[in-house]
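Please examine the sequence and the model shown below.

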Amino acid sequence: MRLALCFTLVLASIYLTSAHYNFPYLLVNETFSPVFLYTRRVSDETHAGNGPSYPPFHEKDLESPDIRCGRDATVSGVETDVATIVAGSKVGFRPNFWIRNTTGFFGLVLHDGPLAAYLARSPIQTKKGLQAWDGASGAFFKIAERGPTTNERWFTDEELQGVQFSEYNFTVPVRTPPGFYLMRMDSLLPRGGNWTQFYAGCAQVEIVGQGGGSEPQPTVNFPVLEEMRKEYLAKADSGQLLGYKMPGPSVWKG
Ligand SMILES: [Cu+2]
């Protein structure tokens, strides 16, 4: 694997030994929570050098329930707390490896590729019900996505100066029906076929607010359906990034 393709360094002096990630930190209004407090723990943590690393998913994993929230995260919800989020808030996820100190910013930048966030309503609308839910047949609806900036670049130099792309922030639609949800983020490195890398993680949230939006749709289930595989496995070619079709459903706006 060519590391230069696998991650982007913010500063040339950064030394990273970990270039694969999960999303253990939930952000609410740019304040982040302790590791795996509100996000479901995944089972594949390894340690190489400076910090934890998590192997990416590849093509075969699109058929696994693990593609929903991370490896073995179908069952780790019982030990995960539930964050209360006011609809309309800015929320987000941050990957495992990042350090910020007084001399500047050191961190793992998300891989060059699409970012997306989903919600799926727990069939049992209690804290315990959400914690016990494996997410199966969860009707996931997309609430945010982030595509390329130009035909050549996913993120701009300006965006890479700082924390922006060591985290992904988005807004929970203000009219989201109140309730208990899995909130899922995914990140792709779209190199095509089995060279593509997938990352996914979920937080457990209770959304409070006015509600009143339209029925959330379109919805999809994870693992990825056969008819969606092609778009998930598409290669994004430099020079033609704006022609890349964002995988998954369109964004529900509320
Ligand atoms: Cu990687």
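**From a proline loop to the core**

Pro223 lies in the loop between S14 and helix H5 (229-232). The peptide bond that joins Phe222 to Pro223 is cis, with omega of about 10°. A cis peptide bond also joins Gln217 and Pro218, where omega is about 0°. Pro218 belongs to the loop between S13 and S14.

These details are read from a predicted model. Mean pLDDT for the protein is 88, and 86% of its residues reach 70 or more. Residues 1-18 have pLDDT under 50 throughout, and for this segment the model has 32 contacts beyond four places in sequence. Where pLDDT is low, the predicted coordinates should not be read in detail.

The protein contains five helices and 14 strands. Of its 254 residues, 40% are buried. Among contacts in the protein with a separation of 6 or more, 81% are between residues 24 or more positions apart.

Six strands are arranged as an open sheet with mixed pairing, in the order S5-S13-S12-S9-S10-S14. Strand S5 (83-86) and strand S14 (219-220) stand at its edges; each has a single partner strand, so one side of each lacks a neighbour in the sheet. Within the sheet, S9 and S10 are paired in the antiparallel sense over six bridges. Leu119 has Phe141, in S10, as its bridge partner.

The largest nonpolar core has 54 residues, of which Ala117, Tyr118, Ile143, Tyr181 and Met183 touch the most other members. At least two residues of this core come from each of strand S1 (25-28), helix H2 (66-69), strand S6 (90-94), strand S9 (115-121), strand S10 (140-146), strand S11 (168-171), strand S12 (179-189) and strand S13 (197-208). In soluble globular proteins, nonpolar side chains tend to be buried together. Tyr181 also illustrates the local surroundings: leaving out residues up to four places away in sequence, Tyr181 touches Leu119, Ala120, Arg121, Ser122, Val205 and Ile207.

Attention now turns to loop residues. Apart from neighbours within four places in sequence, its contacts are Val42, Tyr54, Gly70, Pro95, Asn96, Tyr199 and Gly201. Asn22 and Met185 are 163 residues apart along the chain, yet their C-alpha atoms are separated by 9.7 Å.

Two other loop residues have positive phi values without being glycine. Asn29 has phi near 50° and is placed in the loop between S1 and strand S2 (31-32). With 11 other C-beta atoms within 10 Å, Asn29 is exposed. For Asp72, phi is about 65°, and this residue is found in the loop between H2 and S5. Asp72 has 14 other C-beta atoms within 10 Å and is therefore partly exposed, since a residue counts as exposed at 12 or fewer and as buried at 20 or more.

Conventions: Residues numbered from 1 in each chain as written. Predicted model: local features only at pLDDT ≥ 70, side-chain atom pairs only at ≥ 80, totals over all residues. Core = buried A, V, L, I, M, F, W, Y, C linked by C-beta atoms within 7 Å. Helix = DSSP H or I, 4+ residues; strand = E, 2+ residues; numbered from the N terminus. Contact = placed C-beta atoms within 7 Å. Pairing = 2+ DSSP bridges. pLDDT = per-residue confidence, 0-100.
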